[in-house]
Amino acid sequence: MVAKSDTAIILMNLGSPDSTAVPDVKKYLLEFLMDKRVIDYPWLMRKLLVGGIIVPRRAEKSAEAYKSIWWDEGSPLIVLTRQLQKAVWHDLEIPVEITMRYGTPSPQATYDKLLKEHPGLKEVILVPLYPHYAMSSYETAVEYAKDIHRKKRYPFELKIVKPYYDRPEYINALAESMRPYIEQEFDYLLFSYHGVPVRHIRKGDVTGSHCLKINDCCHVASKAHTRCYRHQVIITSELVAEKLGIPKQKWGVSFQSRLGREEWIKPYTADKFEQLPKEGVKKLLVACPAFVSDCLETLEEIGVEGKHSFISNGGDSFTMIPCLNTHPLWVKTIGALVKEEIGEAVS
Ligand SMILES: C=CC1=C(C)c2cc3[nH]c(cc4nc(cc5[nH]c(cc1n2)c(C)c5CCC(=O)O)C(CCC(=O)O)=C4C)c(C)c3C=C
Ligand SMILES: [Fe+2]
Ligand SMILES: [Fe+2]
């Protein structure tokens with residue numbers, strides 16, 4: 001048990017609209033897609049594309065999708081992140097707050113709340129709720145939280161938990177959360193991760209000569225892997241499949257949630273739902289480890305749209321494995337990641 005009243009934890013997730021009303025969804029999409037690490041075009045081009053084309057075209061459809069998964073208490077992503085907050089607080093007995101990259105509560109509101117309630121606060125451990133590094137997820141969340149912390153000169157140290165995609169505690173939590181589903185009869189397990197544009201993978205390559213440039217790049221040792229989303233999700237999948245004893249021919253990786261006309265990393269999950277029944281896969285399990293809390297992309301895109309596609313293409317049974325959410329081993333994993341940071345120098 002950690003009992004340090006001068007330390008607090010912040011769990012940082014992506015965020016959701018405040019409600020399913022079209023104006024709220026528009027506001028959220030604008031903030032999200034105007035992020036230079038998400039749509040990384042020059043500002044004017046981004047403004048024209050996002051404000052003039054993507055958001056006006058997408059907002060109503062997106063609002064309908066949110067309506068179909070919204071809970072009485074609010075957005076599943078926010079509600080589940082709050083439940084995780086309570087579980088971690090209960091486990092570690094140090095203050096835990098949540099913050100969102102887009103929408104509410106913002107990092108500034110969260111820092112202010114912590115300081116008001118704990119005036120002697122000396123250090124805050126920020127846990128990005130992203131196991132993998134991507135410019136459009138982990139990086140933007142962390143840089144935003146650091147920027148606000150620096151600009152507003154908050155009097156506490158901010159320490160950041162690094163991507164944990166291959167950490168034994170995380171792999172064990174993920175594998176054990178999936179085990180009850182694996183023990184049922186199934187033909188194939190698909191790990192479906194949120195996609196990113198191919199360009200982002202190349203741009204994030206710190207060596208400039210590795211990612212998608214050499215054969216089987218994700219399995220050839222390189223410094224690029226510290227920031228390569230594709231490498232990191234492949235490693236998570238391999239480690240979990242190994243831990244669960246699933247043979248290579250019975251599982252695969254794909255990428256969902258593509259936006260726009262650019263090429264995103266492949267294979268696409270939507271194509272898999274069409275192809276797999278034709279290859280004899282009738283009983284499908286789908287896990288989505290890029291998300292630690294169930295959200296629009298799991299509940300609607302996979303659980304509703306994906307299921308419909310797989311079944312209408314000839315599949316018999318489709319099971320979406322829930323995200324880690326508040327699984328006790330996930331709560332313990334967060335505790336282990338946090339304890340490593342407590343007392344260490346700022347990263
Ligand atoms: C897992 C990490 C995520 C990465 C990487 C990511 C990249 C990325 N996303 C978009 C565009 C959209 N994503 C949307 C929803 C959404 N995305 C993530 C996570 C990652 N995104 C989550 C957890 C969610 C769900 C939020 C919720 O409220 O439940 C949306 C909004 C919904 C919609 O209209 O489809 C958009 C838009 C891009 C362009 C991108 C990489 C460049
Ligand atoms: Fe996304
Ligand atoms: Fe790579």
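Helices (H or I, at least four residues) and strands (E, at least two) are DSSP runs, numbered from the N terminus. The model is predicted: local features need pLDDT of at least 70 and side-chain atom pairs pLDDT 80 or more, while totals for chains, interfaces and linings use all residues. Residues are numbered from 1 along each chain as its sequence is written, and chains are lettered from A and ligands numbered from 1 in the order in which they are written.

**Exercise 1.** Determine which helices each supply at least two residues of the shell around ligand 1, and how the shell divides by residue type.

*Solution.* Step 1: ligand 1 is surrounded by 23 residues (a residue is near a molecule if its C-beta atom, placed from the backbone, lies within 6 Å of it). The closest are Ser16, Ser62, Ser137, Cys295 and Leu296.
Step 2: at least two shell residues come from each of α1 (22-33), α2 (43-69), α5 (135-151) and α10 (296-312).
Step 3: the shell holds 14 nonpolar, 7 polar and 2 charged residues. Here Ala, Val, Leu, Ile, Met, Phe, Trp, Tyr, Cys and Pro count as nonpolar, Asp, Glu, Lys and Arg as charged, and the others, Gly among them, as polar.

**Exercise 2.** Describe the order of the open sheet of 4 strands and explain why β6 and β8 stand at the edges.

*Solution.* Step 1: the strands pair in parallel in the order β6-β5-β7-β8, where pairing requires that DSSP finds at least two bridges between two strands.
Step 2: β6 (251-256) and β8 (317-320) each have a single partner strand, so one side of each lacks a neighbour in the sheet.
Step 3: on average, neighbouring strands of this sheet are turned by 25 degrees against each other, direction ignored (axes are lines fitted to C-alpha atoms, for helices over the stretch in contact, and angles run from 0 to 180 degrees between N-to-C directions).
Step 4: strand β7 (residues 283-287) is joined to β8 by 4 bridges; Lys283 has Ser317 as its bridge partner in β8.

**Exercise 3.** Decide whether Ala241 is buried or exposed, and state its contacts.

*Solution.* Step 1: Ala241 belongs to helix α8 (residues 229-244).
Step 2: Ala241 counts as buried because it has 21 C-beta neighbours inside 10 Å. The cut-offs are 20 or more other C-beta atoms within 10 Å for buried, 12 or fewer for exposed, and partly exposed in between, with C-beta atoms placed from the backbone.
Step 3: apart from neighbours within four places in sequence, Ala241 is in contact with Ile246 and Trp251 (C-beta atoms, placed from the backbone, within 7 Å).

Terms used. Contact = placed C-beta atoms within 7 Å.
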